[in-house]
Amino acid sequence: MDRKMFFLDMDGTTLRDDKSIPEENIEAIQAALALGNFITIATGRTYVSMQPLIRKLGMQREGCFLIACNGALLYDLKTGEILYERNLPDAYAAYLFAEAEKYDLYMQSFDGSGFLARQVCPEAELYTRTSFLNYRIVPDLCHLEKYNTPKVMLISVDDRAALQKFQDDHRAWENGRCISFFTSPQYLEYCPAGCTKASGIPFFEQRFGIAHENTIAVGDEENDLPMIQAAGIGIAMKNAGENIRKYADEVTERDNNHGGVADVIRRYM
């Protein structure tokens with residue numbers, strides 16, 4: 001049997017809108033692993049944030065991997081070993097924090113255990129509820145010399161247009177330095193140049209000798225698009241926007257709230 005590797009986004013794909021996991025998704029993942037296939041979670045979340053979900057999915061075992069922080073970190077989930085790691089250069093993080101302050105926008109960075117915020121605020125509370133991460137208050141966060149962060153994130157609770165303007169105004173600066181994308185209407189993320197969820201596909205193809213046509217990626221958001229386009233088979237969720245669906249090879253018949261991922265795994269495993 002030709003072993004396949006599934007690259008599965010989390011939010012809006014494997015998870016329901018309320019962040020729970022459909023039982024049939026768990027069953028399908030376990031069935032695929034039992035047949036010798038590989039499962040890689042590809043997410044903007046951090047390794048620590050993913051731990052409760054990894055346990056619920058039963059993925060602390062052979063053949064399970066994690067692409068975290070939109071491609072800046074790759075992990076073996078059986079051993080916890082970091083297979084690849086990149087941070088956003090400190091100078092770029094410092095520039096983005098200074099710019100966010102000018103635009104009066106909230107921005108946060110990340111460390112090994114959670115995320116850093118300047119103060120308690122609705123944006124930090126929103127992120128901690130959805131990410132399962134705690135945060136640490138660093139009042140001078142905009143003026144650090146060392147960030148050591150894989151990414152930075154701007155958050156607006158109810159004003160995507162403000163985030164969009166920030167992204168548009170900094171496109172020219174961004175070129176060659178880093179990459180930005182929305183991971184939800186509230187979240188705009190900046191990652192190291194070249195770091196996307198797609199970067200894990202050639203890494204694992206080479207590591208395990210997987211034929212390109214046997215890589216299957218499933219996602220729903222803007223940060224999933226490079227992965228969907230780079231995989232042998234790129235699949236958009238039914239609940240994805242038209243700007244994502246039009247680039248996919250297929251669109252699922254069921255959405256994230258009704259086990260769309262399970263359908264994909266059963267069909268291809």
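The questions and answers below go through the sheet, the helices on it and the aromatic contacts of a predicted model.

Local features here need pLDDT of at least 70, side-chain atom pairs count only at pLDDT 80 or more, and totals for chains, interfaces and linings use all residues. Residues are numbered from 1 along each chain as its sequence is written, and side-chain values use heavy atoms, with hydrogens and water left out.

Trainee: Which residue in S2 stands opposite phenylalanine 6?

Mentor: Strand S1 (residues 5-8) and strand S2 (residues 38-42) run parallel and are joined by four bridges. Opposite phenylalanine 6, S2 places isoleucine 39.

Trainee: Why is S3 largely enclosed by the rest of the structure?

Mentor: Buried means under 20% relative accessible area, exposed means over 50%, and partly exposed lies in between, with a 1.4 Å probe and protein chains only. From S3, Cys64, Leu66 and Ala68 point one way, while Phe65 and Ile67 point the other way. The strand is largely enclosed because the number of its residues that are buried is five of the five.

Trainee: What is the handedness of the crossover from S2 to S3?

Mentor: S2 and S3 run parallel, joined by four bridges, and isoleucine 39 stands opposite cysteine 64 in S3. The chain passes from S2 through helix H3 (residues 47-57) to S3. A crossover is right-handed if, with the strands pointing away from the viewer, the path from the first strand over the helix to the second runs clockwise. This β-α-β crossover is right-handed.

Trainee: Which residue takes a positive phi in the hairpin of S3 and S4?

Mentor: S3 and S4 run antiparallel with four bridges between them, and isoleucine 67 has leucine 74 as its bridge partner in S4. Four residues lie between the strands of this hairpin. The residue with a positive phi, near 50°, is cysteine 69.

Trainee: Is the ring pair of tyrosine 95 and tryptophan 173 stacked or edge-to-face?

Mentor: Rings of Phe, Tyr and Trp (its six-membered ring) pair if their centres lie within 6.5 Å; planes under 30 degrees apart count as stacked, over 60 as edge-to-face and the rest as tilted. The whole structure has 18 aromatic pairs. For tyrosine 95 and tryptophan 173 the centres are 4.4 Å apart and the planes at 25°, so the pair is stacked.

Trainee: Which helices hold tyrosine 95 and tryptophan 173?

Mentor: Tyrosine 95 is partly exposed at 28% relative accessibility, whereas tryptophan 173 is buried at 15%. The pair ties together parts that are 78 residues apart in sequence. Tyrosine 95 lies in H4 (residues 90-102) and tryptophan 173 in H7 (residues 171-174).

Trainee: How far from the ring centre of phenylalanine 182 does arginine 160 lie?

Mentor: A charge sits over a ring if NZ of Lys or CZ of Arg is within 6 Å of the ring centre and within 35 degrees of the ring normal. The charged end of lysine 151 sits over the ring of phenylalanine 110, 5.0 Å from its centre. Arginine 160 lies over the face of phenylalanine 182, and its distance from the ring centre is 3.9 Å.

Note on methods: Two strands pair if DSSP finds at least two bridges between them. Helices (H or I, at least four residues) and strands (E, at least two) are DSSP runs, numbered from the N terminus.
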